[in-house]
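Hello,

Here is the structure I promised to pass on to you. Have a look at it first, and then read my notes below.

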Amino acid sequence: MRDTFVKVLLEEAKKDPSIILMTGDLGYGVLDTFEKELPGQFINSGVNEQAMMGMAAGYASTGKRVFVYSIANFPTLRCLEQIRNDVCLMDNPVVVVSVGAGYSYGSQGYTHHALEDIAVLRALANMQVIVPADPLETRELTLAIIASKEPTYLRLGKSKEPAIHTAALKISAGRINEVSGGDDGTLVFAGSVGTVAVAAAKELAAAGKRVAVASMPYVSTIDIDYLQKALAKGPIIVIEEHSYRGGVGSAVLEALNAVNLHGAIGLIAADQNNLSQIGDQSFLRHANGVSVENIVRRFIALAADQR
Amino acid sequence: MSDNASPFIDSAELALAARHEIISMTSVAQASHVASALSVVDILSVLYTGTANISAKNMKDPDRDIVILSKGHSAAALYSVLALQQFFPRTWLSQYCNNDAPLGGHVTSKGVPGVELSTGSLGHGLPYGVGIALARKKGGAKGRVFVVLSDGECDEGTTWESAMIANHYNLDNLVVIIDRNGIQSLTFTEDTLKLEPFADKWRAFGWQVQSVPGHDYGLLAQSLSSQSKPLCIIAETTKGKGVDFMENTVLWHYKSPSPDDVVVAFKELDEHY
């Protein structure tokens, strides 16, 4: 995902000198080509996320589209007030890019797990939160972000994420992208955790339940139309690699509540019972309850309730 | 007071008029930070009478100088100076902090001509100014960036992060002016978290540094006249300057003047200036 992002950004930055890439001293082996080819549009600020974010906002105020790149919680929680005041309040066109969504940095430990970022960033007014599912979505969403001037948070996985979408995508701001159809219910996910949703849909199919699988990359602008139709079909399970508290599931529930819609909705998110647990991404997802088994169990229970 | 026919040219005259406005507006609004505003108003008056290339007429010029008041709680000083220099109507001052009024208790940029950055949380102005100065330097744009800090604000890590960045990129278009009145929120700066040797710190970070009497218009202007690297002016000021009972005390960081206080304060201004 990160390589796709940087590749697309470099292609576009060659055509548009207002695109600036700023890093907080991270991106070894990832940002090198960009730095070599466009040194005038690349800034390594050093290890100083708060000053970097304020600087990015000031830089952007001169008419530049500034992408601030770092990993995990460093470009989000570490410099939250700079994002709130200097980016969002001042409406500066900064894009915060964090690599390492959820448990992407698995064995590196809890300091490197991004599990509250969606909740915190989507709580900010004037902030678009975008969570791509795979390299294909990353490419299309990066182009969409460059075309917009909104303060944006782009939450990326790490590397070698498998393709989830099998067909060409037509991205539309705020829209859910369906991966596969089904009439008995819907599994909605945000991010590379979509592979777990796809696997769960297969198990449900084996159990006679045909569920749609859909990626929801726009987390702060919810696709109500899609969700309303999905609710009419059957249960919705919202799956995320993030805390339960304030994440994608919460965003869906809030948005539906605002338009007086309700129905059978289940949330699958990280329960964070053991913050110090070591393991790779797949292990930690499972250990924290983001698993095929939990999705299947929850869906079947909700479907049974609806009878 | 009636509106002045044209912007002030003389820093001392502007500062005196602004002092009257600051005392009036904080009294009417019963707002805090009158002493902080009186401390910094001479610095702003020097900047807005020609030392910085900024006026109501060149606000859209991309090469204009930029002034950022990072100590956003001194809003009354900036608003008074901007109104007197005709960036916006002077009547706005009398509605300071009113419901739905244009001017609030901390510096707000939205809808307020002349304000470049909303501030109020300390430690934000300098990184932002570094960003503008770096963009200008890389892009070949002219114009300097002046960031006015409080001394207490130098407790913030972002101040020193930014000082390193400015030195690394040799931002010779960036000026920091520190309102060194020696008092912060609860007590004196040196009793809170030692800043001294303050000038040496900035020098060690690679800046050109000068300490200047912070209420001397001529010396302030002179200190800002040239630079060959990032410039830090430590303006030695008195908190509450110009009104004896407000000077050099933490109390007037918070207290707002009563109508009686205003009468006494105006009388003192007449005597002192």
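Helix 2 of chain B (residues 34–51) lies across strand 1, strand 2, strand 3 (174–180) and strand 5 (231–236) of that chain. Its direction makes about 150° with strand 3 of chain B. Helix 4 of chain B (residues 125–139) also packs on the sheet, where it touches strand 1, strand 2 and strand 3, and runs at about 170° to strand 2 of chain B. Helices here are DSSP runs of H or I with at least four residues, strands are runs of E with at least two, and both are numbered from the N terminus. Contact means that the C-beta atoms of two residues, placed from the backbone, lie within 7 Å. Angles run from 0 to 180 degrees between N-to-C directions, with axes fitted as lines to C-alpha atoms, for helices over the stretch in contact.

Please keep in mind that this is a predicted model: local features need pLDDT of at least 70 and side-chain atom pairs count only at pLDDT 80 or more, while totals for chains, interfaces and linings use all residues. Residues are numbered from 1 along each chain as its sequence is written, and chains are lettered from A and ligands numbered from 1 in the order in which they are written.

Now the sheet itself. In chain B, 5 strands form an open sheet with parallel pairing, in the order 1-2-3-5-4; two strands pair if DSSP finds at least two bridges between them. Strand 1 (66–69) and strand 4 (208–213) of chain B are the edge strands, each pairing on one side only. On average, neighbouring strands of this sheet are turned by 20° against each other, direction ignored. Strand 1 of chain B is joined to strand 2 (residues 145–150) by 4 bridges, and Val67(B) stands opposite Phe146(B).

As a whole, chain B has 10 helices and 5 strands. Of its 273 residues, 51% count as buried, that is, with 20 or more other C-beta atoms within 10 Å of their own, all placed from the backbone. Its C-alpha atoms fill a box of roughly 50 × 45 × 35 Å along the principal axes.

Finally, which residues have the most contacts inside the largest nonpolar core? They are Ala56(A), Val68(A), Leu187(A), Ile239(A) and Ile295(A), in a core of 173 residues. Such a core is a set of buried Ala, Val, Leu, Ile, Met, Phe, Trp, Tyr and Cys residues joined through C-beta atoms within 7 Å. Helix 2 of chain B gives the largest share, 11 residues.

Best wishes

Methods. A residue is buried if 20 or more other C-beta atoms lie within 10 Å of its own, exposed if 12 or fewer, and partly exposed in between; C-beta atoms are placed from the backbone.
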